[in-house]
Amino acid sequence: MPVLYASAESRLAWLKIAHTTGLGRRAVRLVPVDAAGRPDAARMRELHDADIAAGRLPFLLVGTAGTTGGGTVDPLPRPADLAAGRSLHFHVDAAWASAVALSDRLRPLLAGVERADRVTVDPHKWLSAPMGAGAAAPDSLQLLAEGPPFTGQPTALRVPHTTGIPQVSRDVSPHDTTL
């Protein structure tokens, strides 16, 4: 079973994403946080080791740049190091705090985001854009075309040749754009 790791303070959207993509909510490992609201790196390593020992397939570590509850930004170099050291894809959920990149004074809060394999941005949070203006920015469009970094699952992310827009497809055929 593929599994992913996110802070217990991250957006609950990760549970919905896992459910919608067919992984199931049990695939999400919510890593406990310290008193400052940041993920406990030692606990994340323990969870990862236990998943490997149980034969699960860890594939993703999510860093959070701005929690919904308090705006806490993970120290992104730490999860980036963990992801690199454990061969996990590193995603930064900057839906809440991505706009701080526009501020010379606040930009250092996002140090480490450049190491992400992909980043979520939601301009509607601080930039007065319409609600549907969110985006995920992969480091490569080819990555989207290839789908998840594991095999044998009932769903896949594909880029249809006709539209070029990524779609979650129940069939692994690149021509099927059904949700």
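The chat below goes through a predicted model of one protein chain.

Reader: What should I know before reading the numbers?
Author: This is a predicted model, in which local features need pLDDT of at least 70 and side-chain atom pairs count only at pLDDT 80 or more, while totals for chains, interfaces and linings use all residues. Residues are numbered from 1 along each chain as its sequence is written, and side-chain values use heavy atoms, with hydrogens and water left out.

Reader: How many helices and strands are there in the protein?
Author: The protein has four helices and eight strands. Helices (H or I, at least four residues) and strands (E, at least two) are DSSP runs, numbered from the N terminus.

Reader: And in what order do the elements run from the N terminus?
Author: The order is β-α-β-α-β-α-β-β-β-α-β-β.

Reader: What share of the residues count as buried?
Author: 37% of the 179 residues are buried. Buried means under 20% relative accessible area, exposed over 50%, and partly exposed in between (1.4 Å probe, protein chains only).

Reader: What does the accessible surface come to?
Author: About 9500 Å², with 58% of that belonging to carbon and sulfur atoms. Accessible areas come from the Shrake-Rupley method with a 1.4 Å probe, and for residues only the protein chains shown count as cover.

Reader: Now the inside. Which residues touch the most other members in the largest nonpolar core?
Author: Y5, M44, L61, A65, L88, F90 and V92 do, out of 22 residues in that core. The elements giving two or more residues to this core are β1, α2 (41-53), α3 (77-85) and β4. A nonpolar core is a set of buried Ala, Val, Leu, Ile, Met, Phe, Trp, Tyr and Cys residues joined through side-chain atoms within 4.5 Å.

Reader: What else is there by way of a core?
Author: A second, separate core has ten residues, including A6, F59, L60 and V62.

Reader: Back to V92. What does V92 touch?
Author: Not counting residues up to four places away in sequence, V92 touches G63, A65, L76, V113, A116, R118, V119 and T120. Contact means heavy atoms within 4.5 Å.

Reader: Among contacts between residues at least 6 apart, what share joins residues at least 24 apart?
Author: 54% of them.

Reader: Salt bridges next. How many does a search of the whole structure find?
Author: Nine. A salt bridge is a side-chain nitrogen of Lys or Arg within 4 Å of a carboxyl oxygen of Asp or Glu.

Reader: What is D93 paired with?
Author: D93 forms a salt bridge with R11, the closest N and O atoms being 2.9 Å apart. D93 lies in strand β4 (residues 89-93) and R11 in the loop between β1 (2-7) and α1 (13-20), so the pair ties together parts that are 82 residues apart in sequence.

Reader: Is D93 buried or exposed?
Author: Buried, with a relative accessible area of 2%.

Reader: Which other salt bridge does R11 form?
Author: R11 also pairs with D122, with 3.8 Å between the closest N and O atoms. That pair links distant parts of the chain, since D122 is in the loop between β5 and β6, 111 residues from R11. D122 counts as buried because its relative accessibility is 11%.

Reader: What about R107?
Author: The R107 side chain meets that of D104 in a salt bridge, at 3.0 Å from N to O. R107 is partly exposed at 37% relative accessible area, and D104 is exposed at 64%. Salt bridges that share partners join R11, D93 and D122 into one network.

Reader: Which residues form the nonpolar patch on the surface?
Author: L102, W126 and L127, with about 330 Å² of accessible area together. Patches are made of residues with over 30% relative accessible area and no salt bridge: like charges are joined within 9 Å, nonpolar side chains (Val, Leu, Ile, Met, Phe, Trp, Tyr) within 5 Å.

Reader: Where does W126 lie?
Author: In the loop between β5 (118-121) and β6 (135-138). W126 counts as partly exposed because its relative accessibility is 40%.

Reader: And L127, what does that touch?
Author: L127 touches A99 and L102, leaving aside residues up to four places away in sequence. L127 is partly exposed at 45% relative accessibility.

Reader: Last one. Where is S7?
Author: S7 is in strand β1, and it is buried, with a relative accessible area of 1%. Beyond its neighbours within four places in sequence, S7 is in contact with L30, V31, V33, P39, V62 and T64.
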